[in-house]
Structure formats: C-alpha cells, structure tokens
Amino acid sequence: MGWVLSFDPSAVLAPGMFLALIVTLLSGFPVAFCLGGIGVIFALFGMLSGEIEPQFVSALPQRILGIMGNFTLLAIPAFVFMGSMLESSGIAERLLESMGRVLGRVRGGLALAVVLVGSLLAATTGVVAATVTTMGMISLPAMLKAGYDKTLATGVIVASGTLGQIIPPSIVLVVLGDQLGISVGDLFMGALLPGLLIAAVFAIYVLVISALKPELAPQLPQAELGATQPLQLVQSMLPPLSLILIVLGSIFFGIATPTEAGVIGAVGAILLAALNGGFSRKQLSKVCESTMRTTAMVMAILLGSTAFSLVFRGIGGDQLIADVLLNLPGGRVGFLVFSMLIIFLLGFFIDFFEIAFIAVPLLLPAARQLLGPDALIWFGVMIGANLQTSFLTPPFGFALFYLRGVAPKEVKTRDIYRGALPFVGLQVAVLTLIIAVPGLVDWLPRLTAAMTPGPLA
C-alpha cells in the first residue's frame, strides 16, 4: 500500500468491527445487511491497513457455494412448511377445543390443556410466533371467560408457546447443529428429554398453583363442558401425534436424515390438512409464501454472517475472542456462565437466527477447547433452552410481544409480564439442572448410537 495507518491495525480493527455490529443492530437496520455491509467496509479497511490480502476475500464466493450445497439446511424450509401448513389447517384449533373440554373438569384444566397442546404444537410447528399467536387467539378468550386470572392465563400461553425452541423437531436446533458442526439428529435426541422436562414442570406448576389458589383458575360448570367426547379427543390428537412420531422416529432410528424427515413431515402435513378439510390451492399458496419468506430471511442472514465472519477472522477477531474466553476466571465454569449470559441478553434484542449465526461461531472455538468435542451436543441444548428463557423474559421477550398483538384490550401489558415471571423462574431452574446433570442430554444419543449401526447425518 502507498501508506500505512499510524496505529496498530490488529488491535483496533477487530474491536471496532464488533462495536460497529452492535451499534448497527441496535439501530434497527436489517440484520443481514448489517452483517454483510460491515464485512465489506472492514474488508476495505483491512486491505488498506495491510491486515488482509485481496486474495483472502476471494474465498467468500466459495463459502457461499458451500452454504448453497449444505444438505442439512434444506431441513429449514421443510420444517417451516410443515408447521405453517398444520397451523393454517385448523388442526391446532380443534386440538385446543377438544382438550379444553376434556380437561376442563380438572381445576386449572384449561391452563393444563394449553401446556399439553403447546407441547404438541412445538413438536409440529417449531415456530414460537405461530404457536403463541394460535393459542392466544383461541385459548386466552376461553380462559378469561371462565374467570381465570389474567396473569396465569397469559403466562401459561407465552411459556407453552416457547417450547418450540427446544422440543424437536425445532428449527432452532437445525440451525444450531449446522453452526456447531454436530449431527442435527443427535441434537434432536439430546433436546428431547430436557424439552419434555420443561413442559412437565409447567404442567405441575399449573396444577399446584390452581390447588393452592383456587381463585386463579375456577373450575368450569358441568353445563359449559357438555358431554365428554373421548373419540373426538383421540381424533384431534392422533393426526399431529402420529406425524411427530413418524418424523422423530425416522430420525432417531436412522431411517432418514433430518432433512429427509422434514420432507416427510411436510408431505404428511399436506395429507392431514386435506383430511381435515383445511387444504386448498389458496391455502397452499399462502403456506408456500410464508415458507419462502422465512427461508429467504434465514439465508440472507447466513450469507451476511458468512461475509462478516470471514473478514472478522482475517483481521484476527476470532483469535481475540478466543483469547478472552479462554482466559475468563473460573475456566470451564466461567466460560459457561459468560456464554449463557451473553446468549440470554442477546435473546432480548435479536432473533435466534441472528444469535446462531453471529454468537455461536464466536463461542465455538473456546467451547471445543474448554468443553471438548463430545460436549457440543450438551452445549447446543443449553443454548436452545437459554434462548427459550430469553424469549419469555420481560421486558423484551419476543413471545410477550406476539401475545400482546392478539390479546384482548382488557389484558394489559403488565399482566403479560407478571404472568411470564414464574415460568421464567421454572425455565432457569431446568436450565440449571441441565448444566448440573449433562446425562439428561447425553443418555438418548448414546442409547440410540448403541442400537444403530452408524451415526445419524
């Protein structure tokens, strides 16, 4: 170069690039353009300062081609399509109504029905916005009409809606598996027990609080419940439950890769929608458009993050982050506390796609060194559970905003915030248990590995 900057570029460019990313993200500018734009600008700074050779930046097209050829990422549009089709076909609505009538005889039964249906929807849709919005529109008016306390009613909806972050097949886990470089199938298996444990804790809390404070969840009169319809309940539960078992079973037993299982789920969702009278050409067009928008958003963020990470690595940013993480006080424990805190705070402001594509690659080198390659599944499940907690925590939890958008006017924002707090505490307790007892994550992947001839793709 004809001139050299008067400061040490390696000590300034990497922190400056990271700071520029934070500022632009907080400005509300689209994340994909923030990442890509900052990558291009700091690539120019790096070349002017002599930190980056022009040939280094030429590796970007090859990286983009590698992303386009990534078979694992094809699972994202498949699972998004499956969830969108089931959500728009009316299956979720019928399931909530029939479950509410059967469990309405139990004190707190409507809230318990929301937890159970939320768990099923989490395993079929995997999208927090769709689950929270669907249950908010259907079950919240019913609970308020039955005399339920607003905080309990809203809290159980937002908490159950976030189960889609951790219960497989979750889009969050697909992205995390790709970014951590581990088997998505193994990550699904590792997250299954923690996800069900969180749902069980929610259900137990609903039953206990309803028994201790009956005024929060009045028992419904027999006249409002009508006759018990076990057959109707089975008919509403069997289709989504069968689809879940087929999708997850094909992955767990090595019959199909997560991507192939996603396609099976998408085809199964179309068949279920057709059988339930919720399928039409207009409906298919709507679902395809929704899937395209979500997938395009994910890929745009991924391409932007690829440009950002390449330049960040070129100017020594990855080594700088690794040095900081490896020298934290407390070693392994200090790293876990710091990384979980960072991800929790990021979950207040940005979506899980951005967190997976920005934060996880920065944490990965230190995680491999401090935790070991065998602990990455455990680390991925902790990230998923952590994101679920942050999406529920006031004042910026995304799930709270989704419910606020569909809640009746008599439900205030403070009611939603107060209702979420007990469930945040429950999730933090389960997250602490996952950290303290890694066997909750490891046992099913090890068991399946012993039963199957080869690793899952």
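These legends describe close-up views of a predicted model.

**View 1. Helix α10 is largely enclosed by the rest of the structure.** The helix covers residues 171–180. How many of its residues are buried? The count is 10 of the 10, so the rest of the structure largely encloses α10. Among the buried residues are Ile-171, Leu-173, Gly-177, Asp-178 and Gln-179. The cover over them includes α5 (75–88), α11 and α15. It also includes α18 (352–370) and α19 (376–390). Gly-181 follows α10, and its phi is positive, near 70°.

**View 2. Val-175 sits within helix α10.** Val-175 counts as buried because its relative accessibility is 0%, and buried means under 20%. Which residues does Val-175 touch, leaving aside those up to four places away in sequence? They are Ile-76, Phe-353, Ala-356 and Phe-357. Take Ala-356: 181 residues separate it from Val-175 in sequence. In space, their C-alpha atoms are 6.8 Å apart.

**View 3. Helix α11 bends at Leu-192.** This helix runs over residues 184–212 and has 29 residues. From first C-alpha to last, α11 reaches 42 Å, close to the 42 Å expected at 1.5 Å a residue. The bend at Leu-192 is about 30°.

**View 4. Ser-183 caps the N-terminal end of α11.** A side-chain oxygen of Ser-183 makes the cap. That oxygen lies 3.3 Å from the backbone nitrogen of Gly-185.

**View 5. Arg-293 and Glu-289 form a salt bridge.** The structure holds one salt bridge. How far apart are the closest N and O atoms of Arg-293 and Glu-289? The distance is 3.1 Å. Both residues belong to helix α15 (residues 281–314). They are four residues apart there, so about one helical turn separates them. Arg-293 counts as exposed because its relative accessibility, 55%, is over 50%. Glu-289 counts as partly exposed, at 39%.

View 6. A search of the whole structure finds zero disulfides.

Methods
Residues numbered from 1 in each chain as written. Predicted model: local features only at pLDDT ≥ 70, side-chain atom pairs only at ≥ 80, totals over all residues. Heavy atoms only, no water. Helix = DSSP H or I, 4+ residues; strand = E, 2+ residues; numbered from the N terminus. Expected span 1.5 Å × (residues − 1). Bend = angle between axes of the 7 residues up to and from the residue. Polar contact = N/O pair within 3.5 Å; in protein donor to acceptor, adjacent residues only side chain to side chain. Disulfide = S-S within 2.5 Å. Salt bridge = Lys/Arg side-chain N within 4 Å of Asp/Glu carboxyl O. Buried < 20%, exposed > 50% of the residue type's maximum accessible area, 1.4 Å probe, protein only. Contact = heavy atoms within 4.5 Å.
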